[in-house]
Amino acid sequence: MLDTDSEIIQSMNTKLQVNNFPETHTKEEIRKICGVFGNVKSIDLIKDTLTGQFKGSIHVEYTSEIEAKRAHSSMMGFKIDENVLFVKKLTTITAPNQGGMEGEMFKALIEDKPTECLMIKNIVSLEEIESRIDYKELEFDV
């Protein structure tokens, strides 16, 4: 067991990135939708840097890891209007201020960590996934 002085990384998995929201939805509408899946702490809409327009992706932070896990599994493949949502876990990582950890060493510890996000490109179209059951069947096949 590690003591506090030797702990290298603390991570919290309370943040999700949700992609493919309809671009016409407002922040308040999206907050209500995300609130159905758990207690929302904060939401950030990802906007185009040039136009400032919402592009359909958000970062949502839930009040606990349990809430975020529940939201992740429930939102993945959820359909809003004609859009199927895709969800990715985001991890907040903090390193201790002391110690002589070089930047490259710390970077090696945190990159390439697997998530539960399934990215399917050029295999099926959104029109072929009619329901959450279709998505689950596809997920099982893959």
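# A walk through a predicted protein model

The structure holds one aromatic pair, where rings of Phe, Tyr and Trp (its six-membered ring) are said to pair if their centres lie within 6.5 Å, with planes under 30 degrees apart counted as stacked, over 60 as edge-to-face and the rest as tilted. Because Phe-37 lies in helix 1 and Phe-78 in the loop between helix 2 and strand 4, the pair ties together parts that are 41 residues apart in sequence. Helices (H or I, at least four residues) and strands (E, at least two) are DSSP runs, numbered from the N terminus. Phe-37 counts as buried at 12% relative accessibility, whereas Phe-78 is partly exposed, with a relative accessible area of 32%; buried means under 20% relative accessible area, exposed over 50%, and partly exposed in between (1.4 Å probe, protein chains only).

Before going further, keep in mind that this is a predicted model, in which local features need pLDDT of at least 70 and side-chain atom pairs count only at pLDDT 80 or more, while totals for chains, interfaces and linings use all residues. Residues are numbered from 1 along each chain as its sequence is written, and side-chain values use heavy atoms, with hydrogens and water left out.

Seen as a whole, the protein has four helices and six strands, and along the sequence these follow the pattern β-α-β-β-α-β-β-β-α-α. Of its 142 residues, 28% count as buried. Contact means heavy atoms within 4.5 Å, and among contacts between residues at least 6 apart in sequence, 66% join residues at least 24 apart.

An α-helix has 3.6 residues a turn, so residues three or four places apart point the same way.

From here the view opens onto the largest nonpolar core, which has 21 residues, and in which Val-18, Phe-21, Cys-34, Ile-58, Val-60, Tyr-62 and Met-75 touch the most other members. At least two residues of this core come from each of strand 1 (10–19), helix 1 (27–37), strand 2, strand 3 and helix 2 (65–75). Such a core is a set of buried Ala, Val, Leu, Ile, Met, Phe, Trp, Tyr and Cys residues joined through side-chain atoms within 4.5 Å. Leaving aside residues up to four places away in sequence, Ile-58 touches Leu-16, Gln-17, Val-18, Phe-21, Ile-30, Cys-34, Asp-44, Leu-45 and Ile-46.

Strand 2 (residues 40–47) and strand 3 (residues 54–62) run antiparallel and are joined by seven bridges, and two strands pair if DSSP finds at least two bridges between them. Asp-44 has His-59 in strand 3 as its bridge partner. Six residues lie between the two strands of the hairpin, where Gly-52 takes a positive phi near 75°.

Two other residues have a positive phi without being glycine. Asn-20, with phi near 85°, lies in the loop between strand 1 and helix 1 and is partly exposed, with a relative accessible area of 24%. Asp-81, with phi near 55°, is placed in the loop between strand 4 and strand 5 (83–84) and is exposed, with a relative accessible area of 54%.

Helix 2, finally, holds both Glu-67 and His-72. Glu-67 is buried, with a relative accessible area of 13%, and, not counting residues up to four places away in sequence, Glu-67 touches Phe-37, Gly-38, Asn-39 and Tyr-62. His-72 is buried too, with a relative accessible area of 5%, and the C-alpha atom of His-72 is separated by 7.2 Å from that of Leu-16, although the two residues are 56 apart along the chain.
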